[in-house]
Amino acid sequence: MRFFDPSLLVLLVLAALAAVIGGAAPAQAQAYRSEATDLQVTLPAGWDGTQAIDETALPGRATYRFEATAPGIAGAVLVIERVTGLNPLAQEQFRRGQVQFGYHGLRPTAGLPESAMVFGPGAGASLAAGERTGRVYFVQRGRIYWAVHLSAPASALADRPDLFDALAAGVRLSDTRVAPDGGEG
């Protein structure tokens, strides 16, 4: 003879109640990690969009582009460029932000103060062009040179004033070298 165990019913009700109270899980941040360069990017919660990764020119160059399509931040862009093998003159120009890459159609409007250099010592600039504004950081990790470009339309920044800080906080640059055969060097 079988008996009904009320504790099973209580467990079922508690599980259903937890699901209802918890509701939908909050939007999880999207993460990317390059196996080749050890670059790590965690995009802010609510980010939805596209990514374009180009590591075909490693060990010399790589480009990582993330563009938001989510409502409220649509058009926000994060572009990270990795460069190695710069000659001494190019290294010095890079440290000053005097290079031909990293700006992505925007123009420097002012230098960033040292306190705004979230990736450590290097060069940085505020950027603008039309309805877009942004920031760019030029930093060095060992023999690796990184340019981190953040930009967004004014409407995205009005909806999310902390967007640039949130994007920058999710970027972890590395000093991992890549050997010419594609392995670590």
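**Figure 1. Burial of Tyr-32 and Tyr-64 in the predicted model.** In this predicted model, Tyr-32 and Tyr-64 are both buried, a term that stands for a relative accessible area under 20%. For the protein chain as a whole, which has 185 residues, 38% of the residues count as buried.

**Figure 2. The ring pair of Tyr-32 and Tyr-64.** By the rule applied here, the count of aromatic pairs comes to 7. The ring centres of Tyr-32 and Tyr-64 lie 6.0 Å apart and their planes meet at 50°, so this pair is classed as tilted. Because Tyr-32 belongs to strand 1 (residues 31-33) and Tyr-64 to strand 4 (residues 61-68), the pair ties together parts that are 32 residues apart in sequence.

Figure 3. Five residues, namely Phe-94, Phe-101, Tyr-103, Phe-138 and Tyr-145, form one aromatic cluster. Arg-61 lies over the face of Phe-101, at a distance of 4.9 Å from the ring centre.

**Figure 4. The chain in which these close-up views are set.** The protein chain holds 4 helices and 10 strands, and, when it is read along the sequence, these elements follow the pattern α-β-β-β-β-β-α-β-β-β-β-α-α-β. Among the contacts in the protein chain with a separation of 6 or more, 46% are accounted for by residues 24 or more positions apart. The protein chain exposes about 10,500 Å², and carbon and sulfur atoms supply 57% of this area.

Methods
Residues are numbered from 1 along each chain as its sequence is written. This is a predicted model: local features need pLDDT of at least 70, side-chain atom pairs count only at pLDDT 80 or more; totals for chains, interfaces and linings use all residues. Side-chain values use heavy atoms; hydrogens and water are left out. Helices (H or I, at least four residues) and strands (E, at least two) are DSSP runs, numbered from the N terminus. Buried means under 20% relative accessible area, exposed over 50%, partly exposed in between (1.4 Å probe, protein chains only). Contact means heavy atoms within 4.5 Å. Accessible areas come from the Shrake-Rupley method with a 1.4 Å probe; for residues, only the protein chains shown count as cover. Rings of Phe, Tyr and Trp (its six-membered ring) pair if their centres lie within 6.5 Å; planes under 30 degrees apart count as stacked, over 60 as edge-to-face and the rest as tilted. A charge sits over a ring if NZ of Lys or CZ of Arg is within 6 Å of the ring centre and within 35 degrees of the ring normal.
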